Amino acid sequence: MQYRVEGLVIRSTDYGEGNKIVTLLTNTHGKVGIIIRGAKKAKSRHGSLAQLFTHGEFIYFRNTGLGTLTHGEIIESHHVLREGLELAAYASYAAELTDRALQEDEATAYIFEQLKGFFTALEEGKDPEVTTYIYELKMLQAAGYAPDFDTCMSCGNVVGSMVLSARGGGVLCSRCSYRDPQALALSDGALKLLRVFRQMDLRRLGQIQVKPETKKLLKQGMRQLMDQHIGLQLKSRAFLDQLDKYNLE
Ligand SMILES: [Zn+2]
């Protein structure tokens, strides 16, 4: 059967003599694996369609297993994301996370739009860390672990300061914080931003200024949530951590 999909390349690996296998996140068919024959040859018309982060239209033939590309057009190459070390690191992380963390039925049209928005936001120079936290929250929601930052998990209180309990996947108010000794104390600024991020649509992301101390808390909190609920060892994550260390020195 022939399929026509709009997709983002979230994984690309060499396969046999001059071919590539790509994983696409599509807007209609979830995640799809297709072979792009001859993609590595210099004269290949389809070589650029096999590059990571490419947004394109892909027409492929598939009976069972992997599909085979018959034709395709680039909609947006996102080449900027492949050129700089830092942007490439963030974009790779989002792509690998999407590839590894999402079950087939969780890879919805909404996630496709959010990843597309994520790539565009990075290209437009939006803060890559903030953009990544928002995308991570979309991933947590898609995987069924949407954290609630508004209501105390224990008593339902919605006012006052809160601590983040990664283990519980939500927040605890000051009266209930003893229930999770490992919980992270959030500043008012960090709590407010987490609430905003959770609702935010990456297609409509503006410039967000975040103070360094708030960013540090967000980073800790998001890392704890991701480790607790997604818990994947990602190569791209390790690379981002290395970059981070390098930036601090
Ligand atoms: Zn409470």
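**View 1. Helix α4 is mostly covered, with 12 of its 15 residues buried.** A residue is buried if 20 or more other C-beta atoms lie within 10 Å of its own, exposed if 12 or fewer, and partly exposed in between, with C-beta atoms placed from the backbone. Helices (H or I, at least four residues) and strands (E, at least two) are DSSP runs, numbered from the N terminus. The model is predicted: local features need pLDDT of at least 70, side-chain atom pairs count only at pLDDT 80 or more, and totals for chains, interfaces and linings use all residues. Residues are numbered from 1 along each chain as its sequence is written.

The buried residues of α4 include V130, Y133, I134, L137 and L140. Buried, too, are T131, E136 and K138. Which helices do the buried residues of α4 pack against? They pack against α2 (85–101), α3 (109–123), α5 (188–199) and α6 (212–229). Contact here means that the C-beta atoms of two residues, placed from the backbone, lie within 7 Å. At 1.5 Å a residue, α4 should span 21 Å, and its end C-alpha atoms are 21 Å apart, so the two values agree. The expected span is 1.5 Å times one less than the number of residues in the helix. Just after α4, G144 takes a positive phi of about 90 degrees.

**View 2. The largest nonpolar core holds 63 residues.** Such a core is a set of buried Ala, Val, Leu, Ile, Met, Phe, Trp, Tyr and Cys residues joined through C-beta atoms within 7 Å. L8, L24, L25, I34, A91, A94 and L115 touch the most other members. Helix α4 (residues 128–142) gives the largest share of this core, 8 residues. At least three core residues come from each of domain 1 (2–77) and domain 2 (81–248). In soluble globular proteins, nonpolar side chains tend to be buried together.

Look next at I34. Setting aside neighbours within four places in sequence, I34 is in contact with V22, L24, F58, Y60, L66, G67, T68 and L69.

**View 3. Strand β1 pairs with β2 and also with β4.** Strands pair if DSSP finds at least two bridges between them. β1 (residues 2–15) runs antiparallel to β2 (residues 19–26), joined by 8 bridges. T13 stands opposite I21 in β2. The two strands form a hairpin with 3 residues between them. G16, in the turn, has a positive phi of about 60 degrees. β1 also pairs in the antiparallel sense with β4 (residues 55–61), over 7 bridges. On β4, H55 is the bridge partner of L8.

**View 4. Four strands form an open, mixed sheet in the order β6-β8-β7-β9.** β6 (148–152) and β9 are the edge strands, and each pairs on one side only. β7 (residues 162–165) and β8 (residues 170–173) run antiparallel, joined by 4 bridges. M162 has C173 as its bridge partner in β8, and S165 has G170. β7 pairs in the antiparallel sense with β9 (residues 184–185) over 2 bridges. L164 and L184 are bridge partners there.

Are the two faces of β7 covered or uncovered? Both are covered: M162 and L164 on one side and V163 and S165 on the other are all buried. Helix α5 lies across β6 and β7, at about 120 degrees to β6. Axes are lines fitted to C-alpha atoms, for helices over the stretch in contact, and angles run from 0 to 180 degrees between N-to-C directions.

**View 5. H71 sits in strand β5 (residues 67–76).** H71 counts as partly exposed because it has 14 C-beta neighbours inside 10 Å. R45 is 26 residues away along the chain, yet the C-alpha atoms of R45 and H71 are separated by 9.1 Å.

**View 6. The chain is divided into domain 1 and domain 2.** The bounds come from an automatic or database domain assignment. Taken over C-alpha atoms, the domain centres are separated by 29 Å. Domain 1 gives 14 residues to the contact and domain 2 gives 16 residues. On the side of domain 1 that touches domain 2, β1 and β2 each supply at least two residues.
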